[in-house]
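Dear colleague,

Please open it first, and then go through the points one by one.

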Protein chains: 2
Amino acid sequence: MTAQPVLASVTSTALILFNGAFQPFQAAIGFAILGYLFTTYMIPRVSPSFVKRGLYGKDMSKVGKPIIPETIGVIPAICYLFLMILFIPFMYIRYYYNQPDTYDSEAASLFPNGKLSSFLSGMLCLESMVLLGLMDDLFDIRWRHKFFLPAIAAIPLLVIYYVDFGVTDVLIPKIIRRYLQVTTNSIDLGIFYYFYMAAVAIFCPNSVNILAGVNGLEVGQTAVIAVLLLLNDFCYLFIGDSSSPAYSVHLYSSCMLIPFLGTALGLLKYNWYPSKVFVGDTWCYFSGMVFAVVGISGHFAKTLMLFFVPQIFNFIYSLPQLFGLVPCPRHRLPHFNPEDNLMYNSWTEYTEKQPVKPVMIPIFNAMEKLKLIALIRDKNGTIIKSSNMTVINLVIIWFGPKREDHLCMLIMLLQFLTGLTMLLLRHTVAPMLFGFDNSWNMLTRFYKK
Amino acid sequence: MTAQPVLASVTSTALILFNGAFQPFQAAIGFAILGYLFTTYMIPRVSPSFVKRGLYGKDMSKVGKPIIPETIGVIPAICYLFLMILFIPFMYIRYYYNQPDTYDSEAASLFPNGKLSSFLSGMLCLESMVLLGLMDDLFDIRWRHKFFLPAIAAIPLLVIYYVDFGVTDVLIPKIIRRYLQVTTNSIDLGIFYYFYMAAVAIFCPNSVNILAGVNGLEVGQTAVIAVLLLLNDFCYLFIGDSSSPAYSVHLYSSCMLIPFLGTALGLLKYNWYPSKVFVGDTWCYFSGMVFAVVGISGHFAKTLMLFFVPQIFNFIYSLPQLFGLVPCPRHRLPHFNPEDNLMYNSWTEYTEKQPVKPVMIPIFNAMEKLKLIALIRDKNGTIIKSSNMTVINLVIIWFGPKREDHLCMLIMLLQFLTGLTMLLLRHTVAPMLFGFDNSWNMLTRFYKK
């Protein structure tokens, strides 16, 4: 039992310290192992302190509704941040030791862009997110305030982007270019580019936070997204030209994501069904922000969105309930049936006093035909119940009641399959639309600054 | 009542946005006003949430021992961090917009060193300190562990120093140079320089944390140290040559300290006698780390120590009790007498079972003659009580029982006077010892890298 972690520590240390040509990548794997070890070591040891401080929640989907420590996501988050700081010398030392006099000779080093400040601003952004997420978990900030917490945490990222790079161009697809008769292939968004980046930074953390409520799902979805992003990185790292700017950007991205995956898996071990710990908003915010940071500083925020399809769908699907077109009960989580130990979808109920809004009746009927909602009618045909509009409930409607862990795995699988499809489309259809692979042109401009 | 903050907001915004030649300095004053306003706005609004979460303490030095919200120092700390991030464009934009091709022409810009990454590493270090300080306040980390928390938080600072600068030389005083017959005036400490920086980072936060226990003292001492450091900065800014490297270092230092002073005064308003809030370990760690960051990244950590004389004295004076040569009761705080509302020094009591250790008897007698301790003897001349060995108790012994706020003011005044003396010595005696003002030589090497 104790030999395993010792062996893993030795392996990770060896990977970090004795690595050859492909330096940061190998070190990243070492740090991922360390992250897993540290997270799994710390969680059982500190969880009782969290309960003592009042940080706990009831697991509603278990017999007896046991008390589970909450906000444990702060442990892997802090662990990740410190590992990444220790990682810095392995990513940047070559660049600084062989500091070239001109920018052209930089191509020889592993991070020709070498902008340490960009990396540090990402770290600052993540630390701010952990700090604000912790404030939220501690003091229950109101929903309308907490929605914007990620935007505040993203300020370091935006400020450094402004000071350090300031490239605010985006590409225009070939079709639009031809239609508008423009000759340039990019447009300068100016200040709107910062709104766009802030929107990405708000979207990623909140969308992870909204797709939650089943043991393991908060962490599971982030692990799947990380894997998808890594697959995207590998397309450039193992197929692309290693002297191109895209190569170094995706090496950077994979160096951020591999240790993240390590700590996330460490957390997943304790958060998986039946959960021994809950992760808290801190984890959702933090992990969402890791993706936002990678996407923004790697200048591939649009590609990033492709891997958030279930989250985007979940958000749009939730809108009628969020905006009050459909009544929104306090919890829309699936319903646990202790008799067969399965999860059933939950319902919004209608009464004579509060019937279905007339505007929603045709929409509900259409959705029912598309199998996007379950409706229950009385003998007169009046809708008396509609399923709550979340992806989790929808998956139960599609595939029937499931045990909590099977439900979680199913959603993770859907996330992975949609992401994989998007990845294939990204590298086949997108280059046709834009007339070229967008990595080259933009990145060259980006790093020539 | 409401006109005042509005006026202050307008003034600060004007200072930040419309500033001329002396740009960052004026913006720093604007941010300090904003910091004060934001801190004083937030504290009364969020304090009840802290109590609800169980973050409160009893004020032992008041009638009725009222319950006071604890850990409130996290508010000004977060406020300071975000203000400093918003400050970045005002400090660095000139440098980046007129990016010179060679290092020599940099002297024209306000921050010729212009190392944004150094600033960001300082911010990362401070955020880590707030995060770890908060962990300590939440989960009561054991004393022997929490002593090293600042060293962990300082890792970003040390790593970036290693990657970015790596200058590890220190000056040798002229006398030693002559004695050892060496020709160079500096010595390369190598890895020991990192231990030295880590030691500074451990010392500053812990020393602020130890000199505590009187309403307002935790914040008051940091405000005084900030003022002293600013006076030191002004020696270079208003007297020195503005094209020298020392000028930009001390401009940087004052830009860090002026907003710090603003937020600290905002906290002091509520922490001053009678305290409405307690600051928590978070504040002590955070504020101590601000000084460590300024000293380390400005390469004047030795000068920094001159302003910590009362803290250093307090630490050394406490050693016999910390190491068990003298019994150490759970609390060594001064004792509050509700009858006359004054603070009296507290005592360590000796019994026949636990008498004074023989080794301490001559020491106590000598200390008594030097007025460094108060002793009470029985009719046989045996010591039955000795005053607890902290600066706070010593000040009461010297100046008699005091009301809590007068006691705090007295200690702050002593801090200021010793600091001012040290400042004068620093700029008169030190240059003679070292043969020249150490700013020039070292800094030139530092920024030529």
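The model is predicted, and local features need pLDDT of at least 70, side-chain atom pairs count only at pLDDT 80 or more, while totals for chains, interfaces and linings use all residues. Residues are numbered from 1 along each chain as its sequence is written, chains are lettered from A and ligands numbered from 1 in the order in which they are written, and side-chain values use heavy atoms, with hydrogens and water left out.

The contact (heavy atoms within 4.5 Å) takes 43 residues from chain B and 43 residues from chain A. The size of an interface is often given as the accessible area lost when the parts come together. Between chain B and chain A the buried area (the accessible area, with a 1.4 Å probe, that two parts lose on being put together, summed over both) is about 3,800 Å², and carbon and sulfur atoms give 78% of that area. On the chain B side, B:Arg53, B:Leu131 and B:Val163 lose the most area to chain A, together 18% of what that side buries.

Between the two chains there are 0 salt bridges (a side-chain nitrogen of Lys or Arg within 4 Å of a carboxyl oxygen of Asp or Glu). The elements of chain B that give two or more residues to the side touching chain A are α2, α3, α4, α6 and α7 (helices are DSSP runs of H or I, at least four residues, and strands runs of E, at least two, numbered from the N terminus), and α4(B) gives the most, with 16 residues.

Helix α11 of chain B, residues 245-271, reaches 38 Å from its first C-alpha to its last, close to the 39 Å expected at 1.5 Å a residue (1.5 Å times one less than its number of residues). Of the 27 residues in α11(B), 24 are buried (under 20% relative accessible area, with a 1.4 Å probe and protein chains only).

In chain B, β8 and β9 pair in the antiparallel sense over 3 bridges (two strands pair if DSSP finds at least two bridges between them), and B:Ile376 stands opposite B:Lys385. Their hairpin has 5 residues between the strands, where B:Gly381 takes a positive phi near 90°.

With regards

Notes: Buried < 20%, exposed > 50% of the residue type's maximum accessible area, 1.4 Å probe, protein only.
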